[in-house]
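I am opening my notebook on a new structure today.

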Protein chains: 2
Amino acid sequence: MRYHVDGRLVPAEEAAVSVRDRGFQYGDAAFETLRAYGGTVFEWDAHADRLRETCAALGMPEAVPEDCRARVRETLAANGLAEAYVRLSLTRGVQSGKLTPDSAVDPTVVVIVKPLPRGGPGGDSVWDDPAGVATADVQRVPDAALPARAKTHNYLNGVLARIDAEADEALLCDAEGHVAEGAASNVFFVRDGTLHTPALDGPVLPGVTRRVVRELAADAGIPVETGAYDPAHVRRADEAFLTNTTWEVRPVATLDGEEIGGGPVTDRLAERFDALVERRHY
Amino acid sequence: MRYHVDGRLVPAEEAAVSVRDRGFQYGDAAFETLRAYGGTVFEWDAHADRLRETCAALGMPEAVPEDCRARVRETLAANGLAEAYVRLSLTRGVQSGKLTPDSAVDPTVVVIVKPLPRGGPGGDSVWDDPAGVATADVQRVPDAALPARAKTHNYLNGVLARIDAEADEALLCDAEGHVAEGAASNVFFVRDGTLHTPALDGPVLPGVTRRVVRELAADAGIPVETGAYDPAHVRRADEAFLTNTTWEVRPVATLDGEEIGGGPVTDRLAERFDALVERRHY
């Protein structure tokens, strides 16, 4: 396997960043998790927009290089991968050594890939089973401390939530106890035929798959509401599922031990997601 | 310059960690900033204790290797440094690639050093001037989201506060608006002869220098109170100063444009700090 580091393709085992890189020292870096289907990246424009938004939130709005997409393409090609997981990271680079960043940024760009077979119709799903989910005691970092829309290498909040939850996925709530998101996913639930998901005015990452699923629901005539919900709302739901770039649409088997499962709405959205990927990429 | 990376001394320009190291990908790492005076590390035991506490908070209580101190010593010796800044980092290492960490941890240990002349009596101070400080709009990450006692590579909260404050140091407050700490320092102020500092039940890192200064104040018969304070309390103070391992005791020139400055209490504590270093290290 070869990775793309700082403009060059290098063997994976040699792919490294300086210990003085701010991405290492402070987690001072933006990233995107991408997925390639049939050789092209799903929703590239949306991911590129969010990467730019993260960089803007970090005070380095001009940091995304113009050839970002080319670097991803080169990495996929160098490894002969058409179906792949891709992690694209962009750090503030090596600077003076002070905590306050220099205004001039020479970013370090890293592209990591690994094979990830398409789930989809007739394929193997990335996840083995519907997710066991547990509400974490760890609170979601508030937007006032770290902008929720920024996807950064400061990911310990999610790591600690996963450790705490001892489940496939941890559900994180905000300071008021409202459901925010999973450690690495957005959460949806169905009640009386209506799809619900936490609104983006809470500390919720605007997931690309979240947005796609909302559009698919609108196309299918499934009503969607966003709002502030307690974990009990999810536990009492008729169906629940998680979304992210690698899981796509993953049913929630249980939340805090209470059985929920997918169902007809989850199935319809998963089928429409598969059809969308099929239409666009194959 | 040579750094210590994963058990080996390497030239600084080659010192790197894998792009798959969790310390890079998630900021999933503990660190300590240390200071060597006269060839030995100031308050090693306190820093080692806090490093273990950080690792425990990150769910890897056994991660600190027994030869940590030896690695720091070797790095100082390899560079012929007696007066130095040292950054000791310990990451969760390279794992499976999942967000949920594996329980078996093979940590990556990194030691970075740079020359840092002793400030002290007759020496040049590390900082050029008393600090200009500004209260940041960025809120300190609450303890419920990331344990405040843990010193980790998730340091974007401080980075964003520094960018926001446009000052030598940013003052961060908690969700209730109470003063927590500086982006990279603890804060003290003097009012009517009594020294005040935010209590550790707020989201405050238990600074090693903070603790030493409290002990020095007790020795000097200066009353110390901890509590919950607003920025206005600091702005109205007779004196104010910041503490950390590199700055030692640094007076606050201004907070939000209001002049404060050091004064007799700050001077006495700085002198006693210098005397302590002199007694222990020279």
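How many residue pairs are in polar contact between chain B and chain A? I note first that this is a predicted model. I then find 21 residue pairs in polar contact between the two chains, both residues at pLDDT 80 or more. For salt bridges between chain B and chain A, my count is 0.

**Entry: the contact.** I see 51 residues of chain B and 51 residues of chain A taking part. I get about 4,000 Å² of area buried between chain B and chain A, with 68% given by carbon and sulfur atoms. I list B:Phe24, B:Leu99 and B:Leu156, which supply 18% of what chain B buries against chain A, more than any other three residues. I also looked up the elements on this side of chain B: among those supplying at least two residues each are strand E1 (2–5), helix H1 (22–25) and strand E8 (131–139). H4(B) gives the most, with 7 residues.

**Entry: the two copies.** I laid chain B on chain A and got an RMSD of 0.0 Å, using a turn of 180 degrees and a shift of 0.0 Å along the axis. The copies are therefore related as by a two-fold rotation axis. The same surface serves both, as 100% of the contact residues of chain B recur in chain A.

**Entry: a helix in chain B.** I checked helix H2 (residues 44–57) of chain B: at 1.5 Å a residue its 14 residues should span 20 Å, and its end C-alpha atoms are 20 Å apart, so the two agree. Its buried residues include B:Trp44, B:His47 and B:Leu51. I find helix H4 (156–165) of chain A among what covers the buried residues of H2(B).

Technical notes
Residues numbered from 1 in each chain as written. Chains lettered and ligands numbered in written order. Predicted model: local features only at pLDDT ≥ 70, side-chain atom pairs only at ≥ 80, totals over all residues. Heavy atoms only, no water. Helix = DSSP H or I, 4+ residues; strand = E, 2+ residues; numbered from the N terminus. Expected span 1.5 Å × (residues − 1). Buried < 20%, exposed > 50% of the residue type's maximum accessible area, 1.4 Å probe, protein only. Contact = heavy atoms within 4.5 Å. Least-squares fit on C-alpha atoms with pLDDT ≥ 70 in both. Buried area = accessible area lost by both parts, 1.4 Å probe. Salt bridge = Lys/Arg side-chain N within 4 Å of Asp/Glu carboxyl O. Polar contact = N/O pair within 3.5 Å; in protein donor to acceptor, adjacent residues only side chain to side chain.
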